[in-house]
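Subject: Structure for you to look through

Hello,

Here is the structure I said I would pass on. Please open it beside this email and keep it in view while you read.

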Amino acid sequence: MFATTVSSGVVVLVGAVFLACAVEMVEALTIVFAVGHTRGWRSAFEGVVAAIVVLAALVAAFGPALVHIPLSTLRLIVGSVLLIFGMQWLRKAILRSSGFKAKHDEDAIYLETVAELKAAGQPVGRDRIAFVMAFKGVFLEGLEVVITVLTLGTSAHRLGLAATTAAVALVLVAIVGAIVAKQLSAVPENAMKMSVGILLVSYGTFWVGEGLKVSWPGNDGFLVFFVGLYTLVTWSLALVAKSAHNSTKTGVKA
Amino acid sequence: MSEEKSLAARLLKGFAMFWWDFLVGDTPELFIAVVGVLAVIAGIRGAGHNSVAVVVLPVLVILALTLSVRRSVAQAKKK
């Protein structure tokens, strides 16, 4: 029984961290590829390394501090952040799947970035624009990875597992990106974001409850119930939104 | 000294802006909803009703998400 409840929590944790990191990595890679192909790989690579160093410094600064916060307080804060963040992801994913919002198009983002970089003209000496663009892309997407890993990892008391999962996701996406040498537009990003949203909201609900001293039936095993419940709700909301979108289109045509 | 101060102020402003965008952004209703959920569940737990909190917490989350999606759909239809 114990092994079952522990493993269900671990599975949800690994799934949430892996998918969140993979999605952010795809977005960062798109920008880095655009910079590298347009302005050369040296400055792009320097920007990536600089961003990783700053992110590592942030982890080193804030990671140990989080461990000292009492667990119930930490879970209440982290749970609240995950609830907000997860619902934001779910809302966007539902709007995208129903057609009310344009899907995240990595091809379009790639072309847009390339056009922006070409318009900036040829560099004289060091390519500051390429460096800043690659740095910003990796830093901003990486910051979300860092927040996800630190909050989920410390609250579940499994920071090592969360960090390892994130590293595996980042390396896997990097390898796939390097092999296909394009902007990973074939990745089903919206479905992944929807899954991440469901997992974050599940963890958020669970930890907000724990932080407020709610005793969940079956302890960690109740997380699986939340995943199922929120999957059903998301699917229903997406269906309703899609039918509203279709009726809007029909109304416009008529 | 003033340059240091302005750098610190800019960093602080950037940090605050990041968290504002991260937590509030274009969905202030979700931020407000979560604050409301915390207050309601704290009240229910304070009154000692654990099983009520177990049911009400996910129901409020679902309600918040539904209202937020509904608001976004209504906004998209207006455009």
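Below are notes on the two chains, the contacts they share and a few single residues.

This is a predicted model: local features need pLDDT of at least 70, side-chain atom pairs count only at pLDDT 80 or more, and totals for chains, interfaces and linings use all residues. Residues are numbered from 1 along each chain as its sequence is written, while chains are lettered from A and ligands numbered from 1 in the order in which they are written.

Confidence

The model scores ipTM 0.88 and pTM 0.76. pLDDT is the predictor's confidence in each residue, from 0 to 100. For chain B the mean pLDDT is 88, and 94% of its residues reach 70 or more.

Chain A

Chain A contains 8 helices and 0 strands. Helices (H or I, at least four residues) and strands (E, at least two) are DSSP runs, numbered from the N terminus. Of the 254 residues in chain A, 46% are buried. A residue is buried if 20 or more other C-beta atoms lie within 10 Å of its own, exposed if 12 or fewer, and partly exposed in between, with C-beta atoms placed from the backbone.

Two residues are in contact if their C-beta atoms, placed from the backbone, lie within 7 Å. Taking contacts in chain A between residues at least 6 apart in sequence, 89% join residues at least 24 apart.

What does the largest nonpolar core look like in numbers? It has 88 residues, and those with the most contacts inside it are A:Ala16, A:Val17, A:Cys21, A:Val32 and A:Ala134. Helix α1 (residues 2-39) of chain A gives the largest share of this core, 19 residues. A nonpolar core here is a set of buried Ala, Val, Leu, Ile, Met, Phe, Trp, Tyr and Cys residues joined through C-beta atoms within 7 Å. In soluble globular proteins, nonpolar side chains tend to be buried together. Leaving aside neighbours within four places in sequence, the contacts of A:Ala134 include A:Ile31, A:Val32 and A:Val35, along with A:Ser43 and A:Ala44.

The expected span of a helix is 1.5 Å times one less than its number of residues. The 28 residues of α3(A) should span 40 Å, and its end C-alpha atoms are 39 Å apart, which agrees. α3(A) is mostly covered, with 24 of its 28 residues buried. Just after α3(A), A:Gly99 takes a positive phi of about 100°.

α7(A) has 23 residues and reaches 32 Å from its first C-alpha to its last, close to the expected 33 Å. α7(A) is mostly covered too, with 20 of its 23 residues buried.

Single residues

A:Ala93 lies in helix α3 of chain A. Is A:Ala93 buried or exposed? A:Ala93 is buried, because 26 other C-beta atoms lie within 10 Å. Not counting residues up to four places away in sequence, A:Ala93 touches A:Asn190, A:Lys193, A:Met194 and A:Gly197.

A:His157 is found in the loop between α5 (128-155) and α6 (159-180) of chain A. Its phi is near 60°, a positive value in a residue other than glycine. A:His157 counts as exposed because it has 11 C-beta neighbours inside 10 Å.

A:Lys213 sits in the loop between α7 and α8 of chain A. Phi of A:Lys213 is near 65°, again positive in a residue other than glycine. With 14 C-beta neighbours inside 10 Å, A:Lys213 counts as partly exposed.

Chain B

Chain B has 3 helices and 0 strands. Its radius of gyration is 19 Å, well over the 12 Å that the globule rule gives for 79 residues, so chain B is more spread out than a compact globule. The radius is taken over C-alpha atoms, and the rule is 2.2 Å times the number of residues to the power 0.38. Along the principal axes, the C-alpha atoms of chain B fill a box of roughly 55 × 40 × 10 Å. Buried residues make up 22% of the 79 residues in chain B.

Where the chains meet

27 residues of chain A are in contact with 26 residues of chain B. On the chain A side, the elements that give two or more residues are α3 (71-98), α7 (189-211) and α8 (222-253). The largest share of that side, 9 residues, comes from α3(A).

Regards
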